[in-house]
Amino acid sequence: MKITSINLNGIRAAVKRGFLDWIAVEDPDVLLMQEVRADTQITEDILGQEWLLATEPCRIKGRAGVAIAVRRGRATLDDVRAGLGDADTDVDSGRWIEAVVTADSQSVRVVSAYFHSGEKDTPKQEAKMAHLPRIGERMAEILASGEKAVVCGDYNVVRSRQDIKNWTPNHNKRAGVLDEEIVFLNDWVDAGWHDVVRDLAGDVQGPYTWWSWRGKAFDNDTGWRIDYHYATPTLASIATAFAIGRAQAYDQRFSDHAPLTVTYQV
C-alpha cells in the first residue's frame with residue numbers, strides 16, 4: 001500500500017503548478033492531503049471519478065482543510081471520522097480526518113492531519129498548544145485499539161536538530177522549533193508510535209519536506225522536516241521504503257511542501 005501525504009497550499013493552485021501530473025506518474029494508492037482550501041465538491045471535481053474521497057473542509061473559507069482519497073477499484077473507505085470532536089472554534093476545523101482503508105482484505109486506519117502552524121507569543125500559538133493535547137488523546141485511543149494505523153500530515157513541528165537546517169537561530173525562538181511543541185512528538189514516540197521516515201532514514205540530517213518560497217531556501221536545501229508518517233508498531237514493522245517528491249527545480253514545485261510517500265507491505 002503506497003501512501004502519500006502532501007500539504008498542497010491550496011488544491012487549485014497546486015493543480016495549476018502540476019499536481020495532477022505528479023499523481024499520474026507516482027500513482028499512490030492512498031492520497032492524504034492537507035491545506036486543501038476548497039470545499040468537497042471542488043475537490044471531487046478536480047480529482048475526478050477514479051478517486052473515492054472523504055473530506056473535512058475548514059469552516060473558514062479558503063483556510064486549512066484535509067482530505068483522504070483512494071483509488072476507486074483498488075481500495076474502499078469506511079468508518080470515516082472528521083475532526084476531533086472539539087472544533088468549537090472555526091480555526092480548529094479542517095485539521096483532522098481519518099478512515100479505514102481496505103485493499104485485498106487488509107485494512108489500515110489512515111489519518112490526514114494539519115496541525116496549527118502557530119506563532120510564538122501570540123494567540124495562534126495558544127491555539128496550537130491547546131490542540132496538541134487533543135491530538136495526543138486521539139492518538140492514544142488509536143494506539144490502544146491495536147489496529148494498523150498511520151497518522152500522516154503536516155505537523156508543523158520538528159523533532160530535533162536533525163530535522164531543520166538552521167537549528168540554532170530558530171530553536172525556542174520560532175514556532176515549530178519550540179521545546180514545548182517538540183515534547184509532544186517525542187512523547188508519542190515514547191508511547192509506541194513510530195516516526196517511520198526517521199526509522200527508515202536513520203541517523204542523518206533531514207530528509208527535509210518543506211522549504212520556504214522566499215529567497216534561496218529551496219536551492220540551498222535550507223529545509224525543515226515537518227511532514228510525518230507516525231505508524232503503530234505493527235504497521236511500522238512492514239514499512240519498506242519512503243520517498244520525498246522534491247521537485248527538480250524551484251519553478252517546478254506545486255507546493256512549498258514536497259509529497260512524502262511510504263510503502264507498506266500490508
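This is a predicted model: local features need pLDDT of at least 70, side-chain atom pairs count only at pLDDT 80 or more; totals for chains, interfaces and linings use all residues.
Biologist: Why is Trp210 called buried?

Modeller: Buried means under 20% relative accessible area, exposed means over 50%, and partly exposed is in between, with a 1.4 Å probe and protein chains only. Trp210 has 14% relative accessibility, so it counts as buried. Trp224, at 9%, counts as buried too.

Biologist: What makes Trp210 and Trp224 an edge-to-face pair?

Modeller: Rings of Phe, Tyr and Trp (its six-membered ring) pair if their centres lie within 6.5 Å; planes under 30 degrees apart are stacked, over 60 edge-to-face, and the rest tilted. Trp210 and Trp224 sit 5.7 Å centre to centre with 85° between the planes, so the pair is edge-to-face. By this rule there are 14 aromatic pairs.

Biologist: How do you know that Phe218 and Tyr250 tie together separate parts of the chain?

Modeller: Phe218 is in the loop between helix 7 and strand 10, while Tyr250 is in the loop between strand 11 (239-244) and strand 12, so the pair joins parts 32 residues apart in sequence. (Helices, H or I with at least four residues, and strands, E with at least two, are DSSP runs numbered from the N terminus.) Phe218 and Tyr250 are edge-to-face, at 6.5 Å and 65°.

Biologist: What makes a set of residues a nonpolar core?

Modeller: The set has to be buried Ala, Val, Leu, Ile, Met, Phe, Trp, Tyr and Cys residues joined through side-chain atoms within 4.5 Å. The largest one here has 30 residues, and Val30, Val101 and Tyr264 are among those with the most contacts inside it. Strand 6 gives the most to this core, four residues. A second, separate core of 27 residues includes Leu132 and Tyr155.

Biologist: Why is Arg253 said to lie over the face of Trp213?

Modeller: A charge sits over a ring if NZ of Lys or CZ of Arg is within 6 Å of the ring centre and within 35 degrees of the ring normal. Arg253 lies over the face of Trp213, at 4.5 Å from the ring centre. Likewise, Arg246 lies over the face of Trp211, at 4.9 Å.

How values were computed: Residues are numbered from 1 along each chain as its sequence is written. Side-chain values use heavy atoms; hydrogens and water are left out.
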